[in-house]
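I'll jot things down as I look them up.

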Protein chains: 2
Amino acid sequence: MSGTLHGLGLGPGDPELITLRSWRIISLAPVIAYPEGPSGHSRARTIATPFMPDDVEELPLAIPFGANAQDVEMAYDRAAAIISAKLDEGKDVAFLCLGDPLTYGTFGKLATRLAQHYPVRVTPGVSAPQAAAARVGRVLAQGDTPLKFLPATMDEEMLTAECMNRHAALAIIKAGGRLSRVHAALLRAGRAENALVVEELGGADERVLPLKKALTESDDAARYFSLVLVWPQP
Amino acid sequence: MSGTLHGLGLGPGDPELITLRSWRIISLAPVIAYPEGPSGHSRARTIATPFMPDDVEELPLAIPFGANAQDVEMAYDRAAAIISAKLDEGKDVAFLCLGDPLTYGTFGKLATRLAQHYPVRVTPGVSAPQAAAARVGRVLAQGDTPLKFLPATMDEEMLTAECMNRHAALAIIKAGGRLSRVHAALLRAGRAENALVVEELGGADERVLPLKKALTESDDAARYFSLVLVWPQP
């Protein structure tokens, strides 16, 4: 009997935003895996730390960000091999995911590799755009309004096209280090005026400020966890 | 000193998908308010029931669905008045919201009426599209893929236009009783093939089936909590 791989959504940063189910699975997990940056820091582990059992076996997995595509795929191959060894021992493995596991998460590439061979269960989590709207205290979308999650990494022309519908609410994610690009797309779409940047949501450095101010003030490259909210026009 | 109004996201149905923060606030709340249908049923209350204190004061609020706009606005006026009376007594009021309070929730219209006069705090929740993807066990969006929440109530031409980008993942919400309309829009956009319907997510009647099958089989009008997921084409 092989173990089960759990993809656990933790929400975007505040440990109190994890769900009861993620908390339960973490607190009982024999093995907990998470992505770790080159400096040994793991934002996912930081969120889960208050709930992790003392005797848990930890699997920090080196997943490079911003590396070339081939290196990233190789890193996921290695991570999948490390996890499958534990599953083969019959141990359940809980993989920690920022936000929601299936919405722009690191979990997708692992699940693709492992779901054919092992049982996989996903626990959804609170996504950053919802938490950012709560932080700002303003309705994100209601009634007939579309709501779009747009990665700032998108093709610029397509990003601009997706911003054009003024009746849509926008959450432009992965905006850290890409605020100029986002601003240019919103300018072309005539929607740069009321854009807000939410930086390091739920962290000690959390900050909310107008996009225009963020462009002039902040260290764009250093703020990895940034997103831009744009409200629909009536 | 007036009380604080809390908008609490409960997630889409499974009580284990509420966050630790919503759980904490519910378990300490002196007053808990929630929308109630004409039959006296409240899906939000059902989710929160395991966590509610025995001696809590309950405020069921009559919020009509599908009524004319003026009746809905008047119902929210009445609900806001009932809540403000409790806040004026200095009691905190926890308002229970399905999914996330600021994403197509009932909370928006209350917050609009009360935020100028009372402190309001929002606790985000897991949204139905994320939980539906977890139920299906398939990545919703990754990499450069846009993800769109589209209300099935939208203008048909605009709904079709928003479905056109084949690289976007779609979550068409409020689809109960509107599956034919959604199917027509997806057909026009050339995207009806791989659409899945998720009905009554997290409830006892939960069901996942292809849109084509749902059109012929299910009692369209009765399935209020339905959404349609459409994955991006590579």
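This is a predicted model: local features need pLDDT of at least 70, side-chain atom pairs count only at pLDDT 80 or more; totals for chains, interfaces and linings use all residues.

**Across the chains**

I began with one pair: F149(A) stands opposite L147(B) in β6(B). Residues are numbered from 1 along each chain as its sequence is written, while chains are lettered from A and ligands numbered from 1 in the order in which they are written.

Next I looked up the strands around that pair. β6(A) runs antiparallel to strand β6 (residues 147-151) of chain B, with 3 bridges (strands pair if DSSP finds at least two bridges between them; strands are DSSP runs of E, at least two residues, and helices runs of H or I, at least four, numbered from the N terminus).

How many residues of chain A are in contact with chain B? I noted 39 residues of chain A against 39 of chain B (contact: C-beta atoms, placed from the backbone, within 7 Å). On the chain A side, α1 (20-28), β5 (120-123), α5 (128-136) and β6 (147-151) each supply at least two residues. The largest share, 5 residues, comes from β6(A). By class, I have 22 nonpolar, 11 polar and 6 charged residues on that side of chain A (nonpolar: Ala, Val, Leu, Ile, Met, Phe, Trp, Tyr, Cys and Pro; charged: Asp, Glu, Lys and Arg; polar: the others, Gly among them).

**Within chain A**

I then turned to the domains: chain A has domain 1 (5-123) and domain 2 (128-230), with bounds from an automatic or database domain assignment. Their contact takes 7 residues from domain 1 of chain A and 7 residues from domain 2 of chain A. The centres of the two domains, taken over C-alpha atoms, are 27 Å apart.

Note on methods. Two residues are in contact if their C-beta atoms, placed from the backbone, lie within 7 Å.
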